[in-house]
Amino acid sequence: MKSTRFVGYLAARTEVNEGYNFADESMPVANKSVNRKIKVSLWRHSYNRVGSVVLHRKASEIFPIIEPILKVYGIPEDFKYIPLVESGLKSGTSPKGAAGWWQFMPQTARDYGLKVNSSKDERLNLRKSTIAACKYLRDLYGELNNNWTLAAAAYNGGSPRVRHAINRQNRGNYYLMHLNRETASYVYKLIAMKEVIKKPTEYGYHNVYVSYPQPAELLAVN
């Protein structure tokens with residue numbers, strides 16, 4: 001049964017010019033299924049559903065650290081929304097063992113240079129884990145036809161699963177592929193997060209004051 005609040009929200013946003021994109025790849029909103037999925041995701045990230053400005057507050061804290069690191073490693077800036085989607089409204093270790101802002105599994109973290117043991121867990125270090133995430137994302141990008149949207153999907157679902165879907169369906173457009181439910185909604189979540197952070201009042205977030213301090217030490221990347 002459809003939520004009446006969602007139906008109202010959907011109707012209210014029908015006239016908006018939806019130029020949604022991720023890492024400069026435009027979302028094909030002319031496709032009815034794609035159009036509905038992004039509207040559902042935007043609704044789920046609206047203030048009416050979230051009921052807090054914690055996402056905006058966390059963005060103001062972590063983006064000054066993440067943005068310059070992404071730039072150094074050549075990763076599109078839109079990937080800065082991954083930590084907000086992965087752990088923005090929660091903390092701690094997932095039931096599967098993923099932890100930190102980038103929700104690395106222990107072995108993947110170690111593969112990309114992070115220390116994870118009984119005495120230290122560098123997945124919890126925002127700067128170090130962001131560097132590891134950049135290296136991982138560059139590898140995913142290379143594995144998946146140099147496509148950043150597919151790399152984002154693989155960050156969630158794993159590159160073997162995404163590659164298998166590409167080969168089985170003979171298509172490499174994320175928005176038109178059939179993937180498992182979580183991965184199929186992942187990039188929509190990233191775009192929705194991007195929208196509500198960049199245009200808070202459009203999505204019901206009022207009195208949001210976000211500042212982006214730029215201490216010199218945050219810009220240094222080894």
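# Questions on buried and exposed residues

Guide: Start in the loop between strand 1 and strand 2, where aspartate 24 is found. Bear in mind that this model is predicted.

Visitor: Why is aspartate 24 called exposed?

Guide: Its relative accessible area is 76%. The word exposed applies over 50%, so aspartate 24 qualifies.

Visitor: What is stated about the phi of aspartate 24?

Guide: Phi is positive, about 70°, although aspartate 24 is not a glycine.

Visitor: How do you know whether alanine 23 is buried or exposed?

Guide: Alanine 23 also belongs to the loop between strand 1 and strand 2. Its relative accessible area is 16%, and buried means under 20%, so alanine 23 is buried. Its phi is near 50°, a positive value in a residue other than glycine.

Visitor: Why is arginine 123 called buried?

Guide: The value for arginine 123 is 5%. That falls under the 20% cut-off, so the residue counts as buried. Arginine 123 sits in the loop between helix 6 (106–111) and helix 7.

Visitor: What makes the approach of arginine 123 to glycine 97 a polar contact?

Guide: A polar atom of the arginine 123 side chain lies 2.9 Å from the backbone oxygen of glycine 97. The limit for such a pair is 3.5 Å, so the distance passes. The arginine 123 side chain also reaches the backbone oxygen of phenylalanine 104, at 2.8 Å. Apart from neighbours within four places in sequence, residues in contact with arginine 123 include Trp101, Met105, Leu114 and Ser129.

Visitor: What makes helix 8 (residues 148–157) largely enclosed?

Guide: Of its 10 residues, 10 are buried, so the rest of the structure largely encloses helix 8. Among them are Trp148, Leu150, Tyr155 and Gly157.

Visitor: Which elements do the buried residues of helix 8 pack against?

Guide: They pack against strand 1 (21–22), strand 2 (25–26), helix 5 (82–87), helix 7 (126–143), helix 9 (159–169) and helix 10 (181–198).

Visitor: What is found at the start of helix 8, and what just after helix 8?

Guide: At the start, a side-chain oxygen of asparagine 147 comes within 3.0 Å of the backbone nitrogen of threonine 149. Just after the helix, glycine 158 has a positive phi of about 90°.

Visitor: Which residues have the most contacts inside the largest nonpolar core?

Guide: They are Phe79 and Tyr155, in a core of 65 residues. Helix 10 gives the most to this core, with 10 residues. Not counting residues up to four places away in sequence, phenylalanine 79 touches Phe22, Ala23, Leu70, Trp102, Leu137, Trp148 and Ala152.

Visitor: How do you know where empty space is left?

Guide: Rolling a probe the size of a water molecule over the atoms shows it. The largest pocket has a volume of about 1200 Å³.

Visitor: Which residues lie nearest the centre of the largest pocket?

Guide: Glu86, Asn156, Glu182, Tyr186 and Lys189 do, out of 40 lining residues. Helix 10 gives the most to the lining, with 9 residues. Helix 2 (32–44), helix 5, helix 8 and helix 10 each supply at least two.

Visitor: How many residues of the pocket lining are nonpolar, polar and charged?

Guide: The lining has 18 nonpolar, 13 polar and 9 charged residues.

How values were computed. Residues are numbered from 1 along each chain as its sequence is written. This is a predicted model: local features need pLDDT of at least 70, side-chain atom pairs count only at pLDDT 80 or more; totals for chains, interfaces and linings use all residues. Side-chain values use heavy atoms; hydrogens and water are left out. Buried means under 20% relative accessible area, exposed over 50%, partly exposed in between (1.4 Å probe, protein chains only). Helices (H or I, at least four residues) and strands (E, at least two) are DSSP runs, numbered from the N terminus. Contact means heavy atoms within 4.5 Å. A polar contact is a pair of N or O atoms within 3.5 Å; within protein, one must be able to donate a hydrogen and the other to accept it, and residues adjacent in sequence count only if both atoms are side-chain atoms. On a 1 Å grid over the protein atoms alone, a cavity is a set of points where a 1.4 Å probe fits but cannot get out, and a pocket is an open set with protein on both sides within 12 Å along at least five of seven lines; lining residues have an atom within 4 Å of a point. Grid points are joined across faces, edges and corners, and a volume is the space filled by probe spheres set on the points. Ala, Val, Leu, Ile, Met, Phe, Trp, Tyr, Cys and Pro count as nonpolar, Asp, Glu, Lys and Arg as charged, and the others, Gly among them, as polar. A nonpolar core is a set of buried Ala, Val, Leu, Ile, Met, Phe, Trp, Tyr and Cys residues joined through side-chain atoms within 4.5 Å.
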